[in-house]
Amino acid sequence: MSVKRDVEDRAGGITGPESGLQVWPHVRTRRSQRFLSLRWKLLFSLLLLTLTLSTLSAQFFHRYLLNRYDESRRVKLASYSHQVNGLVRQQRQYLEQVAVSLPVLSRIRRPLAKHDLDALRDRFDEFWPAFQLDMGLEDARYLDVDGHDVLRWGSVSRNEDTADSPAWIEALRKSLKQESAVSLINCASSCRIQALVPVLVGGRVVGLFAVGMSLADTVLTFHNTAAADIAVLADVSQPSSDPADVFRANWGVRVEAASNAANSLPVLKRIAAHAPLDDLINGQRIEVNGRTYEAARLHLAPDNQSKGIHLVVLEDISTELAVATETARRALLMTLAAGLLSLALLYFLLGHSLKRLLQTVGAIPLLGQGAFAQLRQSVKLRRNRGFHDEIDVLNHTAFSLSQRLEALEKDVDERTRSLHEALRQICQERAFASSLLEHAEVIIVTCDRAGRILTVNRYGKALAGYDEETLLSMTLIGSPLLQPDHDDLQFRYLNLLDTHQKHLRHEAALVCSDGQQREISWIHTRLEGQEKGESALLSVGLDITERKRNEAKMAFLADHDPLTGCFNRRRFHLELERMLDTATRYGLRGALLYLDLDRFKYVNDTSGHQAGDNLLLLVTDELRKVLRASDLIGRLGGDEFAIAMLDADEGGAIATAERINQRLAGIALPGEDINRRVSASIGIALFPDIGASSGNDLLVNADLAMYQAKDNGRVGWHVFSPQERAKERLREWMTWEEQIKRGMAEDRFELFFQPVMRISDSDVSRYEVLLRLRMEDGRLASPGQFLEIAERSGLIRDLDRWVVRAALQRLARLAPEHAHVSLSVNLSALSIADGKLLDDFATFFSDTGADPRQVVFEITETAAVADFSQARQFVNEIKALGSSFALDDFGSGFASFYYLKQFPVDFVKIDGAFIRNLPDSVDDQIFVRAMVDIARAYGKQTVAEFVENDAILQMLEEYGVDYAQGYHIGMPSATWLNSDESPAIN
């Protein structure tokens, strides 16, 4: 209860006049000095947030309105361009009709037929005023077949002649060639629409009529219909240096025509003074006299194009911009009004809750004073409300905490009594532990912080043969109890006191008083909470001498033949691998001798196994006498030995084999009446000349050579040559064939996935399915190791079915976020001719529920062209199921482009041989670009394989390749499509 009194003394609480609650004095003082209610803090913060959000939203809304208006302006300008082009075409067609009608007028046709130019001039002069007033013609000409003026009417002088204009010459030739009317816009001297029509007399062209009219009608018609001003500008040959002539000086143009010229031309001059003409393509805005105008160039259609003409539309957009600004201002005001209204409502809603919170905060100090009952009276719990809030939770928590603290005080006395009882039991247990440690058959030593021995148990003194006085004068490390085998053991031992490490384990020798050594396994532990001078380290040692002896014997037997003492097969294979590494690293040569004793079974059968064992011991002794100290010898079987020799060539290996048989011939079995000749058949395999990649390969080669020696006659040797690998290849073939069968039966094949990225947006939604075989030893075999054997043995059909079924099962199990993913599955050439394969695929889709549209099947180009008609039928049937098809390794064959047009595939995968060196090979660049262009022309998408760096990817994007695949995009992995991984990559 002293803690409670101390809290009461420090509290010194006073009673508030309104709430009747005890309050901390320093709390009241600080609040009276500088107090700001949470209510006002919250309201000020929300007000600031409301103003900020309202301003930002108004700005964003204003920007949105302006963007929408800009979009509408672009649409409107496109409409203006369409309207102007329509008006120009209409005027050209009208002028062509007028030109065509002139030669057929009866009073003009007769002079034309007689080629009477004077009569033609007189007749045309009669009609010319009507042509000008009624048809709007400005000029008319009659030309000879060479294009020279013969007769001329209207306002065009010879100084304004357009005969040298390229557009005029081209129109003249076209009209004569087609013998039909041709029109053009000619701005050589002044912008006019002109039409030419050939005059035919007696089936031959005798001349041409040319008529022209101004673009003013087009300008006026556009101004009246579009309610916008338009100006026609034409390039000038020499820009003006006069600053007053803004159009010629800045834009290099002259004004041919303009609607509302009094208002539009001053605005255009202001724009010409500040912006180049080319900037009007996207529109230019300018303020003049408080009004905002926008000028933009209109695009003429190709058939209306004429060199040197520019159409500029000018429109007052002040009203539309003002509407957007006013709309944004009103939105800001409405947002502010809504925010302020919300703040006012929030103020009234939070007032009562904050008052309740302050009441609870004032009562909480009662917990520190131990006034639990008073706190429960002060805190008001609302029990009948339908909804509780955070303040209710706080009140209930304070109420429950007061009950628990009150119960805790009552529990203190009871726990004190329990502590005395527990201390008594600990003393009893300590006495028991001391007795147990004295009688346990382990060495137990305690040391101080300097490592000096403080205590040693009875077993430790008895095992070492020293009395306690002798040992207590020593440090543990270096004493007879612990002879260190490492110089840093003392440091590691004492370091236990200063690090987070609590234990140290090691083995060391114990030297007995009689000089005998024992092997001890030590564990050192830091003792926590020890005062200076008391025990700081506890060391426990277990005598493992007998275990060490047994382990050494077992280790020897694990690596050696128990009869001859030679390496056994496992250890010999390990040492042979090391010898091969040494030979490869230092460029040395070596030889492997494989020995098989001739007629050894006969010795066992006639003289017994004891005689056979004796013979093996004698053979081992003779081999050791022949071999060098650096040579390896191992017993691989009953009567089979292997010898590995480093730094030995073929001649040395043959000499060693002959010496071995010479020594074996001199062996005489003791106790045998019959003198049996001992000999061996020896196979020799050299390394690294034959290219054996492992010790196992070398043993197989030597074994084959040994059997060849037996076939050649016993008591001999034979050197292996690579041409004799036929048996080995047959054995390997049979082994892999069995591995494939068992792999499918035991479901040891695994699917890996490599991402295929769409280059345009770096999206990854397709993966190519790759196959791996999990071997019995856990290794993964790549397809290059077994696919060829599977194809030649016919197992590839069953393997294709396994892969497709497994891929569809994986596709059906994809998480919803991967529902867009598709898989590419490779098929072999033999599967194309499999009549039942398509029925099985349909069954697989039905059983798994996978969507056929998410599967892309692939066959190589060489497989496709081998039987083109059958391959095309197979692809069509696959696509009928709903799947897509890809042609793999495109470009590897010799008829790629010929077959591509007729082959109904969706994707073309460019052979990686053209991609690897793409940045450095001009030939590959030309070929890849050609393949992409042709594939796109046939409506097929392209995929590039072996994309291994960013330089290749950049070139593929430039060429227009659709997809990329390779190590730069992503390595093959079995986990790409796991539910916790995203299929997309950067």
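**Figure 1. Helices α19 and α20 are oblique to each other.** In this predicted model, local features require pLDDT of at least 70 and side-chain atom pairs count only at pLDDT 80 or more, while totals for chains, interfaces and linings use all residues. Residues are numbered from 1 along each chain as its sequence is written, and side-chain values use heavy atoms, with hydrogens and water left out. Helix α19 (residues 600-607) packs against helix α20 (residues 609-626) at an angle of about 140°, and their axes lie 6 Å apart. Axes are lines fitted to C-alpha atoms, for helices over the stretch in contact, and angles run from 0 to 180 degrees between N-to-C directions. Angles under 35 degrees count as roughly parallel, over 145 as roughly antiparallel, 65 to 115 as roughly perpendicular, and the rest as oblique. Helices (H or I, at least four residues) and strands (E, at least two) are DSSP runs, numbered from the N terminus.

**Figure 2. Residues of α19 meet residues of α20.** F600, V603, N604 and S607 of α19 are in contact (heavy atoms within 4.5 Å) with H609, A611, G612, L615 and L616 of α20. The contact comprises five nonpolar, four polar and no charged residues. Here Ala, Val, Leu, Ile, Met, Phe, Trp, Tyr, Cys and Pro count as nonpolar, Asp, Glu, Lys and Arg as charged, and the others, Gly among them, as polar.

**Figure 3. F127 and F131 form a stacked aromatic pair.** The whole structure holds 18 aromatic pairs. Rings of Phe, Tyr and Trp (its six-membered ring) pair if their centres lie within 6.5 Å; planes under 30 degrees apart count as stacked, over 60 as edge-to-face and the rest as tilted. The two residues are four apart in helix α5 (residues 117-134), and therefore separated by about one helical turn. F127 is partly exposed at 25% relative accessibility, whereas F131 is buried at 5%. Buried means under 20% relative accessible area, exposed over 50%, and partly exposed in between (1.4 Å probe, protein chains only).

**Figure 4. Arginine side chains lie over aromatic rings.** R141 is placed over the face of W168, 5.4 Å from the ring centre. The charged end of R766 sits over the ring of F907, at 4.3 Å from its centre. A charge sits over a ring if NZ of Lys or CZ of Arg is within 6 Å of the ring centre and within 35 degrees of the ring normal.
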